[in-house]
Amino acid sequence: MLEQARKIAEAASFQAFINGYLREINAGKMWDVRHWLEFNTTPTLCGEFLIELELPKQGQSLILDLAYRSTVGCHTINAVYGCLDQSKWSRVGIWDAIQLLVTEIYAAEAVADPLGLCQQELVNRLEDSLQNMMVYFANNPHPVNPLENFCIAEQSLLCGHWLHPTPKSRQGMQNSQHRLFAPELHGEFHLHYFAVERELVRWESNEVNPDPIAICLAAADWPLEMLEENEVLIPVHPLQAEWLLHREDLKPWFASGRIRSLGKVGNVFTATSSVRTVFQEQFPWMFKFSVPVKITNSFRQNKKHELLAGVIMSRLYERIGFSRQWPSFQLISDPAFITVELPGFKESGFEVIIRRNPFMDNEGQGKVTLAALLQDNWSAESKTKSPLQKLILDIAEKEKRSELMVAHDWFDQYWNCAIEPLLMLLDIWGIGLEAHQQNSLIDVSKGYPSAYYYRDNQGFYLAECERAKLLDCLPELDCCPELFYERDMILNRLTYYLIVNHLFAVIYRLGRDGYANEQHWLDITQKKLMPLQARMCGLGYEFIGRLLTKDTLPTKANLLTRIKDIDELDADMEMAVYVTLSNPLRIANGMCRKEYEVEYA
């Protein structure tokens, strides 16, 4: 079992790393295998295509034997072969291949890392991600059904971010702590509570109910009479509590008794896919905490401005009434927060975001993150390549129709409840959402998508060009200037999050699962975008225009962000590195809008 887990973890790790490398560093040269064999003698190759990579700094070449060639998603790799003299090719181990590529990256003149610190950091995180993935696969030997309930779906992401080189790196979490706090291991734990002098506590909510103080008391199941008259209860993630209790700058506050540690009590919670947002099936609220752990590109610390942003945006969303017009489109709001404000501290470390839990009891059935629905199925026991394929197969058997016909209907209904409302929200109100796969949940409890849920108080972009309109709707937005962005920034970020990360993942999945090729689904997307643009007159119109006419699309470069060791949350405007990729949605031959509408009329 351990050997099998190691092989799966290595294959998944390499697939995540190499696809980032091909997108961001060096695309290599694509060959038809039959053509390649006219000029080369190689070991037996399984796929129809291969990619040749030159590593000039090391005098090496690699070839990637492709099991699946993707236009918009991830190539699937059968094996890697290396060669020093262009004649004797031999199999290269996964970790050896990663090391060769990392060495080549940092040997390039364009990468400034004189002490090798960034390189060592990247290698450490690659190792950490691989080791964690091995543990997760070893402890989950059998495939689960992510549609069973919300919690199972959240904890089923054994590979993580499909385009991140270190998707399961958890720097700051000790090996022994994974058993409790890693969602993939399904641990349950009590929160750690602090009693804090009331005048040090700040809280706010979208309405009278929720009351953040009452929510915290209910979570702790703590009798109010056991607190001092002037104290408020603050929950903290156990990982964060350990860090807070050892901070030198907080020790005077503990010593004075103005902040008291009460330890772990109350309701038992479990981690969702983000690690730091915790869930309890019988509790109507989730908590989003800070944790001293580096996940993907950043240490996951709640920022002060994010607390208010969640409350303000929940008010704005209610005010504009968008879900009354698009009832299948829902916001999982963060309508309250509570924190400790201390003199001289920008953030104290006690920042807690309170999120609605619409998935209590049986309400969580069939509510699944897009990331969980689209993930590769690495289990040898499964007859399907992904949970989405199994879902489509089940519908086809029930309706006695072909899987391809069901896939078309599934994509149509997914588009109607997710993509079209996201684009209309941008067009009508100038509001962009960071709707990547983990922030996007789909209700497939009836098979076909019937509702879309967006979550994340960090992922709101308000268009500067619509400031007057939005302030007229909610004047309090004026106290959150960091929510407003120029149009180019918004359109570039949405191109990555909504199109490259989200929509292209669906298209890749349908192609990888054998439901026509990816170009078929790209053609359908073009057909949907054109009439949608015709109904628009705002930013959505411009956004679709870019998608259909630009030669390239901006995309977040997670590997380059890691190569340069950038923490997005501390970077200016929380910016990662961005690059461009060839635009597969561009209309061929410069076809004008009228011509396009005639062709698909």
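Predicted model: local features only at pLDDT ≥ 70, side-chain atom pairs only at ≥ 80, totals over all residues.
Visitor: Why does D361 count as partly exposed?

Guide: Buried means under 20% relative accessible area, exposed means over 50%, and partly exposed is in between (1.4 Å probe, protein chains only). D361 has a relative accessibility of 35%, and therefore counts as partly exposed.

Visitor: What is noted about the phi of D361?

Guide: D361 has a positive phi of about 50° although it is not a glycine. Most residues other than glycine have a negative phi. D221 also has a positive phi, of about 50°, and is likewise not a glycine.

Visitor: Where does D221 lie, and why does D221 count as it does in accessibility?

Guide: D221 is in the loop between α7 (212-220) and β9. Its relative accessibility is 62%, so D221 counts as exposed.

Visitor: What makes strand β9 "mostly covered"?

Guide: Six of the six residues of β9 (residues 231-236) are buried. On one side these are E231, L233 and P235, and on the other V232, I234 and V236, so that both faces are covered.

Visitor: How do you know that β9 is paired with β7?

Guide: Two strands pair if DSSP finds at least two bridges between them. Six bridges join β7 (residues 188-197) to β9, and the strands run antiparallel; the two therefore pair. One of the bridges has E197 with its partner E231 in β9.

Visitor: What makes β6 (170-171) and β14 (298-300) edge strands?

Guide: The open sheet of three strands has the order β6-β13-β14, with antiparallel pairing. Each of β6 and β14 pairs on one side only, and these are the edge strands. Two bridges join β6 to β13, and the partner of Q171 in β13 is K294. P292 is in β13 (residues 291-295), and its contacts (heavy atoms within 4.5 Å), leaving aside neighbours within four places in sequence, include Q171, G172 and F299.

Visitor: Why is the pair of F181 and F189 called as it is?

Guide: Rings of Phe, Tyr and Trp (its six-membered ring) pair if their centres lie within 6.5 Å; planes under 30 degrees apart count as stacked, over 60 as edge-to-face, and the rest as tilted. The centres of F181 and F189 are 4.9 Å apart and their planes are at 75°, so the pair is edge-to-face. At 6% relative accessibility, F181 is buried, and F189 is buried at 5%. W31 and W36 form a further edge-to-face pair, 5.4 Å centre to centre and with 75° between the planes; both residues are buried. The structure holds 28 aromatic pairs, and ring pairs link Y317, F322, W326, F329 and Y452 into a cluster.

Visitor: How do you know that the charged end of R69 sits over the ring of F49?

Guide: A charge sits over a ring if NZ of Lys or CZ of Arg is within 6 Å of the ring centre and within 35 degrees of the ring normal. For R69 the distance to the centre of the F49 ring is 4.5 Å. R467 lies over the face of F484, at 4.1 Å from the ring centre.

Visitor: What makes a set of residues a nonpolar core, and which residues have the most contacts inside the largest one?

Guide: A nonpolar core is a set of buried Ala, Val, Leu, Ile, Met, Phe, Trp, Tyr and Cys residues joined through side-chain atoms within 4.5 Å. The largest has 103 residues, and L316, F411, I431 and L477 have the most contacts inside it. Helix α16 (residues 487-512) gives the most to this core, with 16 residues. A second, separate core of 46 residues includes A195, V196, A219 and F269.

Terms used. Residues numbered from 1 in each chain as written. Heavy atoms only, no water. Helix = DSSP H or I, 4+ residues; strand = E, 2+ residues; numbered from the N terminus.
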